[in-house]
Amino acid sequence: MTMLASLLSPFPLLTTTTTSSSTSQQPQAVRIPPAKPLAAKIAAVAAAGLLVLSSPAVLAAEEPDFKVYYGTAASAANYGGYGGNASKKDAAEYVYEVPEGWKERLVSKVEKGTNGTDSEFFNPRKRSEREYLTFLAGFRALAPVSAVLDNLALSDVGLQDQIASADDVRSTERKDGTGQLYYDYEIAGAGAHSLISVTCARNKLYAHFVTAPNPEWSRDEAVLRRLHQSFKTVDPAGPPPASS
């Protein structure tokens, strides 16, 4: 009867012995607590999963991917001359990164010939958040850092207005690993923020612009600074530019 009762009991029994003052030992039944229900285990696993999904590493993965743009800085006379089996990467004079999802604006031959715009990309969510490059031939070296920005503004009315209304204009000089000199400018305007990098190579002056309205600048500053820092010219005697 005792064995039958133990089998029918909702909890299994574990038999132990206790020692009394006498020499005899009497078996006693000890109940084992019930195992945690399966639903509780599933809930615990789900909670742990939520913690993983909200970790900084996963959130960082939501940042946009980038691709490398290879610019050829072709003259207006040769504009559109890279076809067939020609490779823009092999002919590249400069490179910079572009966020995945940004759109390329087709630069007209007239525009290339008048203000030297060679390439341009924009954020389709806000077209005025953009990245572009201009170049001018006939420059062997950079002028003083203050004079270069004023000269760039002569052919860019938007840049003129931004400088005129700027709360702050900063300029710095730096050299890359090959000793090439770059001027970097940061313009904090009343309505927009711009980062500009200027250098000379191949007897040309290259100016790389990253600009955005202030609301977009506040949201995308880290991405925009990365675009600014990614610009560099390609040494024809050096290794080919890296891919993204």
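Colleague: Are Y94 and Y96 buried or exposed?
Modeller: Both Y94 and Y96 are buried, meaning under 20% relative accessible area, with exposed over 50% and partly exposed in between (1.4 Å probe, protein chains only). Keep in mind it's a predicted model: local features need pLDDT of at least 70, side-chain atom pairs count only at pLDDT 80 or more, and totals for chains, interfaces and linings use all residues. Residues are numbered from 1 along each chain as its sequence is written, and side-chain values use heavy atoms, with hydrogens and water left out.

Colleague: OK, rings then. How many aromatic pairs does the structure hold?
Modeller: There are 10 aromatic pairs. Rings of Phe, Tyr and Trp (its six-membered ring) pair if their centres lie within 6.5 Å; planes under 30 degrees apart are stacked, over 60 edge-to-face, the rest tilted.

Colleague: Why is the pair of Y69 and F121 edge-to-face?
Modeller: Because their planes sit at 70°, with the ring centres 5.2 Å apart.

Colleague: And where in the chain are Y69 and F121?
Modeller: Y69 is in strand β3 (residues 66-71) and F121 in strand β6 (residues 117-123), 52 residues apart. Strands are DSSP runs of E, at least two residues, numbered from the N terminus. Y69 is buried at 10% relative accessible area, and F121 is buried at 3%.

Colleague: Which residues do ring pairs link into a cluster?
Modeller: Y69, Y94, Y96, F121, Y182, Y206 and F231.

Colleague: Switching to charges: what lies over the face of Y182?
Modeller: R174, 4.4 Å from the ring centre. That call needs NZ of Lys or CZ of Arg within 6 Å of the ring centre and within 35 degrees of the ring normal. R127 also lies over a ring face, that of F122, at 3.9 Å from the centre.

How values were computed: Helix = DSSP H or I, 4+ residues; strand = E, 2+ residues; numbered from the N terminus.
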